[in-house]
Amino acid sequence: MTDTAAGQVDHVLAEDRLFPPPASFAENAVVATQQQYDEMYARARDDRDAFWKEQALEHLHWFEPFGDVCQWDAPHAKWFVGGKTNASYNCLDRNIDQGRGDRAAIIWEGEPGDTRTLTYNELKSEVCKCAAALRQLGVQQGDVVSIYMPMTPELVIAMLACARIGAIHSVIFAGFSAESIADRNHDASAKLVITSDGLYRRGKVLPLKKTVDEALEKSPTVEKCLVLRRTGEKDTPMTKGRDVWWHDVVDSQSDDFPAEPLDSETTLFILYTSGSTGKPKGIRHTTAGYNLWAKRTFQWVFDHRDDDIYWCTADCGWITGHSYIVYGPLSAGATCLMYEGAPNYPAEDRFWDLVEKYKVTVLYTAPTAIRAFIKWGDEHVEKHDLSSLRLLGSVGEGINPEAWMWYHKKIGGEKCPIVDTWWQTETGGIMMSPLPAITATKPGSCTKPLPGVVPIIVDETGAPVGKEHGGMLCIDQPWPGMLRGVWGDEQRFIETYWSLVKGKYLTGDNARCDSDGYYWIMGRIDDVINVSGHRLSTIEVESALVSHESVCEAAVVGRPDDIKGQAIAAFVTVTDPNPGEELRQALRQHVRKQIGALAQPDDIRFTAAVPKTRSGKIMRRLLRDIAAGHEAVGDTSTLEDYTVLAKLREQDA
Ligand code: WTA
């Protein structure tokens, strides 16, 4: 734990506006009355096995029935023990069996404006072909496949093809560097990588395959690389015997490849995320529990109806894309809009153009995007007819009340409920959120837990703090979508999540529960920063900086940023006695190369020393204050070298 003691975050903004759900919303809503929620919540808590047994039997397909619903030997959970199912079957075949084969599953638009629609039948055919190709390329059940692709239908196809044959996908966000890909390939012992020639971003082409090639030099476990032609780059390097084109090996396969019956606890995917130490951890999710959680939370929170056009603007490289572009909506038979590119290409109204064109009814996006839209100006919104929208969602970080109000007024026309969804890569799906037909919302609060989620807030000794007090947010009971481990690192799994209070999952977030039982998330306890809704560890960025030859020491903190939520501020000591702009740029470039563009520090300050406590810990609280432009406050009595502080202040002036 760092110096943000839970007690210091008690003061949060006083927000007492209450927005009741529109009356019309309750008609035909998935969860239509408070009583329905109360009953579900109580049953899931008090009769867990019976509740989830019913849910699993009704909402997943079973090749073979399960025995025990939940075996809980904290921190290890097994759900739907001994049953056999398949997530790809639940997303595709099951919908087709139920008569939804001709319904659009994915309506896709590329950044240049090209479009494609895939019905459930068509999506299944493509997934089958890809599954057959993966098999032909030697991928077996339990093998790890890294996916580093643009937001094309083939990204979803590749994920579901892995699920179909019991291979484990590890999707790597296409903004990560070659180093990051190599680290993930190595940690997971990936056998195959799926990528594309290039990726469109704001009209330019990024050569993805070249980046992958660089990573593959350091990925000895990878035997094959499957390459989608997306941008048509002329000089895409292909290594004979290792690299194959998607159109050469996928297109000619049979479009019927039966889904493998898989044990409930078969690993479905791993997804790397930042923790408080330098090395990203592979969060492991399994088949049945995750699939059920993604599906039910999707239906409850987004009040899914047959005629919805649902759009989640996330990238499949993050958990939001996994759960709310792929597994949740597709298992629910939803029609999903999927968009490849940037929100401001060719102009700042691209999102609103898409909403109008496809008559989107449910929109799920992130506060950092909302703040960017505010900055770009209302005229881009006002040009478009957004009257198809009926529900709005937010995820990734707390939504500040100003952004909430703008979203409510300008996008929702004051008629759409906003669901502020709190959850994490580790939780598999949404944990706390308003339910649109019943929950009166307070801007900035993720309101209440979903059925199956039992939050508790504790102090540093693990004792519950009670209402209106800030503390560390834990989850008291196992839930089907919970992580099952950290890939290859049991020790880290236990230490990170389960060592504060025995048997209770430690989220890493601070929170407060108000007197109405509403939850307010108050930022991280650990050294994780949230930049544009993306988790980064300060130590990860520090390690990248220190790996540069001119850097002796680095301390990285988040500072408030109007658009990104948090920006990255780095304090570095260097060998060069007169460091300047050139070195600053070189360091930015270096971090970009080590981790990816999203980790590039916004501010780099050269300093004679990094302030530390007598025990050698970096004084992050102090640095945060300096980075934010505040006068350093608080206890500096353990500061090792007072002159350091003075020098840092001087730089500020
Ligand atoms: C933060 C993203 C406040 C939180 C789904 C969490 C939020 C971390 C919210 C997980 C929200 C996410 N309100 N904070 N509605 N949603 N967070 O793993 O700090 O990328 O622990 O999962 O984002 O980030 P992750």
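Two strands count as paired if DSSP finds at least two bridges between them. In this predicted model, strand 28 and strand 29 form a hairpin, with three residues between them. Strand 28 covers residues 551–561 and strand 29 covers residues 565–574; they run antiparallel and are joined over ten bridges. Within this pair, D561 is placed opposite G565 of strand 29.

Another open sheet has four strands in the order 21-22-24-25, with antiparallel pairing. Strand 21 (455–458) and strand 25 are at the edges and have a single partner strand each, so one side of each is left without a neighbour in the sheet. Neighbouring strands here are turned by 45° against each other on average, direction ignored. Strand 24 (residues 505–513) pairs with strand 25 in the antiparallel sense, over four bridges. R512 stands opposite W520, a residue of strand 25.

As background to these sheets, side chains in a regular strand alternate between the two faces of the sheet.

| Strand pair | Sense | Bridges | Opposite residues |
|---|---|---|---|
| Strand 28 and strand 29 | antiparallel | ten | D561 and G565 |
| Strand 24 and strand 25 | antiparallel | four | R512 and W520 |

## Ligand site

Strand 25 also takes part in the ligand site: strand 25 (519–524) and helix 11 (319–331) each supply at least two residues of the shell around the ligand. In total, 17 residues surround the ligand, and the closest are D420, T421, T425, D509 and R535. By class, the shell divides into five nonpolar, seven polar and five charged residues.

A polar side-chain atom of T425 lies 2.5 Å from an oxygen atom of the ligand. For R524, an N or O atom in the side chain is 2.9 Å from an oxygen atom of the ligand. E397 takes part through its backbone, where an N or O atom lies 3.5 Å from a nitrogen atom of the ligand. On its own the ligand has 520 Å² of accessible area, and the protein covers 94% of this.

## Helix contact

Helix 1 (residues 34–46) and helix 2 (residues 48–59) have axes that come within 5 Å and cross at roughly 115°. On the helix 1 side the contact involves M40, R43, A44, R45 and D46, and these meet R48, A50, F51, W52 and E54 in helix 2. The residues of this contact divide into five nonpolar, no polar and five charged.

## Backbone exceptions

Most residues other than glycine have a negative phi, and most peptide bonds are trans. The model departs from this pattern at the following places.

A74 and P75 are joined by a cis peptide bond with omega of about 0°. P75 sits in the loop between strand 1 (70–73) and strand 2 (76–79). A cis peptide bond also joins Y345 and P346, with omega of about -5°.

D303 has a phi near 45°, a positive value in a residue other than glycine.

How values were computed. Residues numbered from 1 in each chain as written. Predicted model: local features only at pLDDT ≥ 70, side-chain atom pairs only at ≥ 80, totals over all residues. Heavy atoms only, no water. Axes fitted to C-alpha atoms, helices over the stretch in contact; angles between N-to-C directions. Contact = heavy atoms within 4.5 Å. Nonpolar A, V, L, I, M, F, W, Y, C, P; charged D, E, K, R; others polar. Near = heavy atom within 4 Å. Polar contact = N/O pair within 3.5 Å; in protein donor to acceptor, adjacent residues only side chain to side chain. Areas by Shrake-Rupley, 256 points an atom, 1.4 Å probe, with all protein chains shown as cover.
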